[in-house]
Amino acid sequence: MDKVIKSEDVWRDQLDNDQFRVCRLKATEAPYAGKYCDTKTPGVYQCVCCGQALFDSETKYSSGCGWPSFYQPISNDALREEEDFSHGMHRIEVLCSRCDAHLGHVFPDGPRPTGLRYCINSVALDLVPRDE
C-alpha cells in the first residue's frame with residue numbers, strides 16, 4: 001500500500017469544509033445528520049480522502065448511536081487505531097491506514113461475531129454501490 005501524504009493546503013482544496021474538519025482536524029459530525037446513517041444500499045464504503053476500501057455494507061448495522069456503525073473493517077490493514085484522550089474520555093480512534101484520515105472510533109459493545117462497533121462519520125466515507 002502506498003501511503004498518501006499531502007499538505008494541509010492540498011487537503012483543504014480537495015475536501016469540502018465538513019470533510020476537512022472531520023477527516024483532517026478530527027472533529028465529529030452531528031449525530032443522526034450524516035448521509036449514511038440509515039443507508040441500506042449494498043456496496044463498499046471508501047475513505048473520502050484517498051479512496052481506500054474501508055467497510056463492506058454487509059457489516060453495517062443499526063446501533064442507534066447516530067452514526068453509521070460496522071462490526072468489522074473490510075480487511076485487517078484498512079484501518080489503524082490510536083488511543084484518544086480528548087474530551088475527558090479514553091477512546092480508540094479509527095483512522096484510514098493509507099492517508100491517516102480520522103474516521104471515528106471503535107467500541108467493544110458491538111454485535112457478534114466481533115463484538116466491535118466501528119462508529120464512523122458519514123462525511124469521512126464514500127459509498128460505492130454494488131451492482132446486484
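**Exercise 1.** Find which residues form one aromatic cluster, and work out the geometry of the ring pairs at Tyr45.

*Solution.* The cluster is made of Tyr36, Tyr45, Phe55, Phe70 and Tyr118. This is a predicted model, so to speak: local features need pLDDT of at least 70, side-chain atom pairs count only at pLDDT 80 or more, and totals for chains, interfaces and linings use all residues. Residues are numbered from 1 along each chain as its sequence is written, and side-chain values use heavy atoms, leaving out hydrogens and water.

Step 1: search the whole structure, and four aromatic pairs turn up. Rings of Phe, Tyr and Trp (its six-membered ring) pair if their centres lie within 6.5 Å; planes under 30 degrees apart are stacked, over 60 edge-to-face, the rest tilted.

Step 2: Tyr36 and Tyr45 have ring centres 5.4 Å apart and planes at 85°, so they're edge-to-face.

Step 3: for Tyr45 and Phe70 it's 5.1 Å and 70°, so that pair is edge-to-face. It links strand 1 with strand 4, 25 residues apart.

Step 4: Tyr45 and Phe70 are both buried (under 20% relative accessible area, 1.4 Å probe, protein chains only).

**Exercise 2.** Which residue in strand 9 is the bridge partner of Tyr45?

*Solution.* Strands are DSSP runs of E, at least two residues, numbered from the N terminus, and two of them pair if DSSP finds at least two bridges between them. Strand 1 (residues 43–47) runs antiparallel to strand 9, with five bridges joining them. Tyr45 has Leu127 as its partner there.

How values were computed. Helix = DSSP H or I, 4+ residues; strand = E, 2+ residues; numbered from the N terminus. Buried < 20%, exposed > 50% of the residue type's maximum accessible area, 1.4 Å probe, protein only.
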